[in-house]
Amino acid sequence: MLEKLDMTKKLNKTEYSEQIKSAQSRLRKLEYKMYKNKLPVLCVFEGWDAAGKGGAIKRLTEMLDPRGFTVSSYAAPHGEDRSHQYLWRFWRNLPRTGHLAIFDRSYYGRVLVERVEGFAKEAEWQRAYQEINEFESHQAAFGMAVCKFWLHITPEEQLRRFRGRELDPFRQYKLTEEDWRNRAKIPEYTAAVEDMLVRTSTPHAPWTVVEANDKQYARVKVVETAVECVMNHLN
């Protein structure tokens, strides 16, 4: 699936400026309709390291009323989170009616990093596909709109961005030893991503794969997809 993507898609500065403003304005108008119609919306962001998840989330929320959305970032569980079933900490941050919740990484770590790094046993991550589908099915039955994004970049583009972070003192903190370790396992992670996309893309919670080599194209596609998702659930 990933090999068939057209990774040359891009927007010039003028196209980006026009399209991102249009999409953000539409989403801003929909935010009030979400609130009025008590529609909860969940946007899940996954993707390669340095794929631009943070930048996409920033553009998604840039024109929204801050009272209407939350952003939750997830890393490895610690403390109390480790004493519960892995989905527990995500339940607590689901959007209430009329609001948008954004997950910067998510419960899909179970079938990605935990699978590849051996933090979960094979029986556990194999079982997780059904658990996640049922979890999202529960939210859809409640009336929640679920939008899921995989931001995809090529290994060459990822390396270019890593090198850029190394040289930029204001962005060096974004590059960690873990990022380099993950990069060394690209084949294993690619297999895990392919399985995830096939086994957890459902009619009520489909994946949108975003060609993210060009950040401007990726940001527009994310915001436009979110607009379409919300509109489909309001109609």
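## Basis of the values

In this predicted model, local features need pLDDT of at least 70 and side-chain atom pairs count only at pLDDT 80 or more, while totals for chains, interfaces and linings use all residues. Residues are numbered from 1 along each chain as its sequence is written, and side-chain values use heavy atoms, with hydrogens and water left out.

Strand E3 (residues 100-104) is largely enclosed by the rest of the structure, because five of its five residues are buried (under 20% relative accessible area with a 1.4 Å probe, protein chains only; strands are DSSP runs of E, at least two residues, numbered from the N terminus). Leu100, Ile102 and Asp104 cover one side, and Ala101 and Phe103 the other.

E3 runs parallel to strand E1 (residues 41-47), joined by five bridges, and also pairs in the parallel sense with strand E2 (residues 69-73) over five bridges; pairing requires at least two DSSP bridges between two strands. Ile102 is the bridge partner of Cys43, and Val71 stands opposite Ile102 as well.

## The second largest pocket

The second largest pocket has a volume of about 190 Å³, where a pocket is an open set of points on a 1 Å grid over the protein atoms alone, reached by a 1.4 Å probe, with protein on both sides within 12 Å along at least five of seven lines; the volume is the space filled by probe spheres set on the points.

Its lining (residues with an atom within 4 Å of a point) includes Leu2, Trp48, His152 and Glu194. Helix H8 (186-200) and helix H6 (155-167) each supply at least two lining residues, and H8 gives the largest share, three residues (helices are DSSP runs of H or I, at least four residues).

Technical notes: Buried < 20%, exposed > 50% of the residue type's maximum accessible area, 1.4 Å probe, protein only.
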